[in-house]
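Student: Could we go through this model together? I would like to begin with one of its pockets and then turn to the helices.

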Amino acid sequence: MFPFGHLIIAWLVGLGIQKLAKVNISRLGWGLLLLGGLLPDVDYLFDFILGNVTHRMFTHSLLFVLVGFFVIYFILRNFDLEKEAYFLPIGIFIHILVDLLTYPGALLFWPLGTWFWFFGIANKGIIYTSASSVFAAKSFFVLFDVALGLIWLAYLYLKGKINFS
């Protein structure tokens with residue numbers, strides 16, 4: 001999925017948390033939730049710098065969820081904000097779940113080499129697809145991402161949170 005789609009889904013989960021738990025998420029909590037929704041894709045930067053493919057490996061694993069929690073927890077406990085630390089790993093976990101919907105999934109139990117996705121265990125590289133089918137699939141996700149962005153902006157505009165004038 002593309003970045004805006006990850007943001008929208010993290011935002012929807014945040015709204016669900018507020019409704020179900022009957023709490024208001026602080027600005028810091030929202031920031032950490034949305035950051036967590038994007039953070040696993042930092043591995044694209046590693047791909048660029050290192051010149052080899054690392055996407056959907058360590059940063060898309062359950063170990064990364066735990067590392068993210070402990071790092072942010074130990075930072076925020078110095079400011080008596082430990083409760084806010086839960087939002088970053090929730091965002092990371094949401095991102096990983098969404099990426100499990102698309103092939104090849106993710107290395108959930110990194111460094112083990114098994115790729116998991118919602119439709120089973122993926123043996124990366126075994127499924128062959130034509131360039132036109134890959135383009136069609138990517139086009140769908142780009143359009144979906146744009147549609148989610150427009151829906152979010154419309155919602156914020158109708159709620160009076162943003163003004164385009």
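Student: How many nonpolar, polar and charged residues are in the lining of the second largest pocket?

Tutor: In this predicted model, that lining has six nonpolar residues, no polar ones and one charged one.

Student: Which residues are they?

Tutor: The second largest pocket is lined by Trp11, Leu15, Trp30, Trp152, Tyr155, Leu156 and Lys161.

Student: Now the helices. What is the angle between helix 1 and helix 2?

Tutor: Helix 1 and helix 2, the latter being residues 27-38, pack at about 140°, and their axes are 8 Å apart. Helix 1 is therefore oblique to helix 2, since an angle has to be over 145 degrees to count as roughly antiparallel. The crossing of helix 1 and helix 2 is right-handed.

Student: Which residues make the contact of helix 1 with helix 2?

Tutor: Helix 1 contributes Pro3, His6, Leu7, Ala10, Trp11, Gly14, Leu15 and Gln18, while helix 2 contributes Trp30, Leu33, Leu34, Gly37 and Leu38. By class, nine of these residues are nonpolar, four are polar and none is charged.

Student: How do helix 1 and helix 5 pack?

Tutor: Helix 1 (residues 3-21) and helix 5 (residues 87-99) have their axes 10 Å apart, at an angle of about 125°. That angle makes helix 1 oblique to helix 5. Their crossing is right-handed. On the helix 1 side, the contact is made by His6, Ile9, Ala10, Val13 and Ile17; on the helix 5 side, it is made by Ile90, Ile94, His95, Val98 and Asp99.

Student: How do the residues of that contact of helix 1 with helix 5 divide by class?

Tutor: Seven are nonpolar, two are polar and one is charged.

Student: At what angle do helix 2 and helix 5 cross?

Tutor: Helix 2 and helix 5 cross at roughly 30°, and their axes come within 6 Å. Helix 2 is therefore roughly parallel to helix 5, as angles under 35 degrees count as such. Helix 2 passes helix 5 in a right-handed crossing.

Student: Which residues of helix 2 and helix 5 make the contact?

Tutor: Gly29, Leu32, Leu33, Leu35, Gly36, Gly37 and Leu38 of helix 2 meet Phe87, Leu88, Ile90, Gly91, Ile92, Ile94 and His95 of helix 5. The contact of helix 2 with helix 5 has nine nonpolar residues, five polar ones and no charged ones.

Student: Turning to the backbone, is the peptide bond from tryptophan 110 to proline 111 cis or trans?

Tutor: That peptide bond is cis, with omega near 15°. Proline 111 is placed in the loop between helix 5 and strand 1, the strand being residues 115-117.

Student: Lastly, which residue has a positive phi although it is not a glycine?

Tutor: Lysine 22 does, with phi of about 55°. Lysine 22 is in the loop between helix 1 and helix 2.

Note on methods:
Residues are numbered from 1 along each chain as its sequence is written. This is a predicted model: local features need pLDDT of at least 70, side-chain atom pairs count only at pLDDT 80 or more; totals for chains, interfaces and linings use all residues. Side-chain values use heavy atoms; hydrogens and water are left out. Axes are lines fitted to C-alpha atoms, for helices over the stretch in contact, and angles run from 0 to 180 degrees between N-to-C directions. Helices (H or I, at least four residues) and strands (E, at least two) are DSSP runs, numbered from the N terminus. Angles under 35 degrees count as roughly parallel, over 145 as roughly antiparallel, 65 to 115 as roughly perpendicular and the rest as oblique. A crossing is left-handed if the near helix is turned anticlockwise from the far one by less than a right angle, and right-handed if clockwise. Contact means heavy atoms within 4.5 Å. Ala, Val, Leu, Ile, Met, Phe, Trp, Tyr, Cys and Pro count as nonpolar, Asp, Glu, Lys and Arg as charged, and the others, Gly among them, as polar. On a 1 Å grid over the protein atoms alone, a cavity is a set of points where a 1.4 Å probe fits but cannot get out, and a pocket is an open set with protein on both sides within 12 Å along at least five of seven lines; lining residues have an atom within 4 Å of a point.
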